[in-house]
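The exercises below concern helix packing and the lining of a pocket. Each task is followed by a worked solution.

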Amino acid sequence: MTTPPPEAHGALPAGGSAGSGGPGLVPLASARGRGIVAAAVLGSGMAMLDSTVVNVAVVRIGDDLDASLADLQWVSNGYLVTLASLILLGGSLGDRLGRRRVFVVGVVWFAVASALCGVALTPWQLIVARVLQGVGAALLTPGSLAMVEATIARPDRARAIGRWTGLGGIAGAAGPFVGGYLVQAASWRWAFLLNVPLAVVTVVVARRCVPETRDEQADRHLDVRGAALAAVALATTTYGFVEATRLGALGTTLVVAVGLLLLGGFVVLEDRERHPMVPPSLFTDRQFTGANVMTLLTYAALGGVLFFLTLQLQTSLRYTPLEAGTATLPLTILMLLLAGRGGELAARIGPRRPMAAGPVLCAAGVALLARVDDGSSYWLGVLPGVAVFGLGLCLLVAPLTATVLAAAPDRYAGTASGVNNAVARTGGLLAVAVLPAAVGLGGADYTQPGVLTAGYRTAMLACSVLLLVGALTSWLLVRDRPLAPQPLA
């Protein structure tokens with residue numbers, strides 16, 4: 001089938017020809033190119049900001065709503081369950097129906113759910129609103145990166161992805177600081193209500209600057225069974241881990257086993273599906289598979305570190321929410337200054353070494369943070385670990401994202417982004433779900449400094465091990481291919 005020219009319907013094909021960057025594609029240096037990156041960063045940054053801001057707000061939320069530790073885990077994981085399990089569908093919908101269209105729908109949905117979070121009066125009202133928030137994030141997150149991949153001229157893509165990664169990483173790292181300020185100066189509710197005006201700006205920029213793109217070869221059939229099975233599998237597994245204390249060893253084992261069986265069923269279904277949500281052929285590429293395995297390990301560690309560190313700072317060191325958020329501000333500064341440079345370095349020397357060295361640096365930083373207790377000062381106890389951890393993130397995050405996208409054909413830009421985002425969110429989700437029970441924390445233990453510190457140290461050391469395994473995975477499976485996307489299949 002002949003693809004009509006872009007001006008005929010306002011949509012660009014998924015990729016362009018080599019050379020000048022492809023017909024209809026946008027140079028990064030142009031005003032429109034900068035607008036595309038800005039819309040992508042605003043959308044994904046809003047979702048990432050909200051996933052980290054809750055870490056600082058959990059103590060105040062617990063006090064205000066009389067929530068247990070399990071409730072607080074679900075405030076975090078309710079969002080992550082729907083985000084991680086539906087993000088594959090979000091990427092697939094974008095490829096089929098239009099990446100900008102699905103992105104804008106996701107932003108609006110996210111804003112409405114954020115408003116519901118801001119007015120919640122009970123733990124379960126907040127959890128339900130967070131679940132709805134995750135649905136919106138699942139629609140907008142893969143679209144943000146796919147818009148960059150599908151519209152920016154090929155020679156500029158690695159640099160554009162570096163900017164997207166760096167600026168988006170700033171949003172995630174700034175979450176504890178912004179959340180701390182809002183929680184202390186006003187209320188934890190404003191950490192959610194802030195998303196409404198941000199969403200308005202994002203939609204305006206996206207509609208003005210981002211061309212519509214889609215996979216013109218894609219079948220319009222949607223893999224509803226696959227999406228539903230993935231969501232139920234992940235929700236079941238997470239429920240088993242979060243409720244481990246109440247379910248007991250046997251109950252937890254049975255629930256998790258059911259979740260894993262359902263996940264296996266999803267893999268079988270996708271292999272047999274004529275139009276799968278996730279084409280199994282993507283995973284035949286060792287580069288794509290290796291980078292996603294590394295993503296799972298790294299983001300599991302990242303999720304665990306941010307969750308436990310903010311609890312430890314507020315409970316054991318008696319930091320206010322603003323002080324706890326400010327304590328991680330060096331992460332924001334380092335990401336602002338150096339994350340883009342990490343992408344440029346990988347473009348020059350290949351991704352393998354940055355993706356192996358970055359997790360090692362992060363592991364060293366986490367090991368330093370494991371020593372933080374009620375007698376630690378910020379300058380000697382907290383800052384060194386945060387700084388080393390941040391340097392490691394700057395080295396690995398942009399090369400990791402670029403490697404995943406470069407390993408997939410352009411036509412699957414949304415799906416590849418969805419897979420990588422799903423893997424990242426699943427890693428963070430499982431860490432927050434598993435680690436508290438694994439280190440012996442439950443109920444109101446997060447309010448008792450002595451009990452929390454013992455569990456905190458064990459959890460941080462476990463995160464260090466995950467990062468070192470991630471480094472080894474990168475070294476063994478990732479190769480120094482050029483960070484340029486493959487042509488259309």
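**Exercise 1.** Are H11 and H17 roughly parallel or roughly antiparallel to each other?

*Solution.* The model is predicted, with local features needing pLDDT of at least 70 and side-chain atom pairs pLDDT 80 or more, whereas totals for chains, interfaces and linings use all residues. Residues are numbered from 1 along each chain as its sequence is written, and side-chain values use heavy atoms, without hydrogens and water.

Step 1. Helices are DSSP runs (H or I, at least four residues) numbered from the N terminus. H17 spans residues 449–477, and its axis comes within 9 Å of that of H11, at a crossing angle of roughly 160°. Axes are lines fitted to C-alpha atoms over the stretch in contact, and angles run from 0 to 180 degrees between N-to-C directions.

Step 2. H11 and H17 are therefore roughly antiparallel (angles over 145 degrees).

Step 3. Their crossing is left-handed (the near helix is turned anticlockwise from the far one by less than a right angle). The contact between H11 and H17 comprises 20 nonpolar, 10 polar and 1 charged residues. Here Ala, Val, Leu, Ile, Met, Phe, Trp, Tyr, Cys and Pro count as nonpolar, Asp, Glu, Lys and Arg as charged, and the others, Gly among them, as polar.

**Exercise 2.** Which element gives the most to the lining of the largest pocket?

*Solution.* Step 1. The largest pocket holds about 720 Å³ of space. Its lining has 26 residues, with Leu88, Leu263, Phe266, Phe283 and Val423 nearest the centre.

Step 1. Elements that give two or more residues to this lining are H3 (69–97), H9 (224–242), H10 (244–272), H11 and H16 (413–438). H10 gives the most, with 6 residues.

Step 2. By class, the lining has 19 nonpolar, 5 polar and 2 charged residues.

Note on methods. 1 Å grid on protein atoms, 1.4 Å probe; cavity = no way out; pocket = protein on both sides within 12 Å on 5 of 7 lines; lining within 4 Å. Points joined across faces, edges and corners; volume = space filled by probe spheres on them. Parallel < 35°, antiparallel > 145°, perpendicular 65-115°, else oblique.
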